[in-house]
Amino acid sequence: MDTILYCDVGNTAIDMLVEGKEEKWDHFYPLDKERMLSFLDKSQGKKTAYVSCVSYKNLVELEEVLLPLGFSLVRLTRERMHLLARRNDLSIGNLDILGEDLFCDILQAGRNSIVVDFGTATKILAVDRDGLFLGGSILPGIPSFPKVLFQKADLLPDMSLTDENVPLLSLKTEEYIASGAIHGTTFLVEGYLKRLQQRKGLEGAQVLFTGGNFHYVERNLANKGKYVRTLPLLGLKKAFSL
C-alpha cells in the first residue's frame, strides 16, 4: 500500500502526518530518529513525503530517516504557494519571503481568520474577509524567555519552564521569570486579538491557536478560540491535494 507523509520541519521539532492504513500524527525532536522509524509505515508501496521547512539543519536530519526507507521528498515551493494563493483567492503581499509553515497556517485557516502559532516563536497572522493577508507579528517563543534573561541579566538563573500553573506574582525568582514568560505572553496575545478583532474586515474573525507551546497559556487565555495542533500539517496536506 502506498504511503503519503506530510512533514512540517520547524526550528525545534518535526511534525508528521501519515496516510496509510490509517491516518496518524506525532511530533519529534530532530534527533528522535528511532521514534520516527517506529512511527512510519513499513509498507513496501510507493512512499512520498511532502515537506514544508524553516530549518535546513533539521531537514537534513529528516532526510537521514526518510531516504533510506525509500521516501521521495517533495518540497513546498514558492511557485506552488503562489498558485495556491490564486486558487484560494488569497492576496499575500509578502509571499516570496513568508515562512512555509505560516503559509500553511494561512491556507488552512482561510478568510476572516486570526491564527496564533505558539511555536519556537509565537506568531500572529490575520486574513480579512476578502482574503487579504494583513500581515503578522512575531513574539519570542514562551520557552525562550528564561534563556534570553539569563544571557542578559547577571543575577537571573539559567532555567527551563516546567509548569504551566504559575502564580501571577511570586516571591521566588524562578516563578518571577515563569510568570513573565507565560502570563506576559498571554496578555500580549489577548491584547493583539482584541485590537485585531476591532479592525475593519476582521469583525467576527475566527481565532485559531496552534503550536506545541499552547499548553502554557491554555488555561489563562480569555479568548476561547479553537486549538488545532495540526493546523500547519493540514495546510500542507491541502497544498498537495489541490
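The questions and answers below walk a new reader through selected parts of this predicted model.

Visitor: What is the volume of the largest pocket?
Guide: A pocket is found on a 1 Å grid over the protein atoms alone, as an open set of points where a 1.4 Å probe fits, with protein on both sides within 12 Å along at least five of seven lines. Grid points are joined across faces, edges and corners, and a volume is the space filled by probe spheres set on the points. For the largest pocket, that volume is about 750 Å³.

Visitor: Which residues that line the largest pocket are the closest to its centre?
Guide: Lining residues have an atom within 4 Å of a point, and the largest pocket has 34 of them. The closest to its centre are Thr12, Gly119, Thr120, Lys123 and Gly212.

Visitor: How many nonpolar, polar and charged residues are in the lining of the largest pocket?
Guide: Here Ala, Val, Leu, Ile, Met, Phe, Trp, Tyr, Cys and Pro count as nonpolar, Asp, Glu, Lys and Arg as charged, and the others, Gly among them, as polar. By these classes, the lining has 15 nonpolar, 13 polar and 6 charged residues.

Visitor: Why does serine 52 count as buried?
Guide: Serine 52 has its place in strand S4, residues 47-53, where strands (E, at least two residues) and helices (H or I, at least four) are DSSP runs numbered from the N terminus. Buried means under 20% relative accessible area, with exposed over 50% and partly exposed in between, using a 1.4 Å probe and protein chains only. Serine 52 counts as buried because its relative accessible area is 1%.

Visitor: Where does threonine 48 lie, and which residues does threonine 48 touch?
Guide: Threonine 48 lies in strand S4 and is buried, with a relative accessible area of 11%. Counting contact as heavy atoms within 4.5 Å, and leaving out residues up to four places away in sequence, threonine 48 touches Thr3, Ile4, Leu5, Phe71, Ser72 and Val74.

Visitor: What do the buried residues of H6 pack against?
Guide: Helix H6 covers residues 173-196, and its buried residues include Ile177, Ala181 and Leu193. These buried residues pack against strand S6 (113-118), S7, S8, helix H5 (144-152) and S9.

Visitor: Which backbone nitrogen does the side chain of asparagine 223 reach?
Guide: Asparagine 223 lies in the loop between strand S9 (206-210) and strand S10 (226-227). Its side chain reaches, at 3.1 Å, the backbone nitrogen of glycine 225.

Technical notes
Residues numbered from 1 in each chain as written. Predicted model: local features only at pLDDT ≥ 70, side-chain atom pairs only at ≥ 80, totals over all residues. Heavy atoms only, no water. Polar contact = N/O pair within 3.5 Å; in protein donor to acceptor, adjacent residues only side chain to side chain. Expected span 1.5 Å × (residues − 1).
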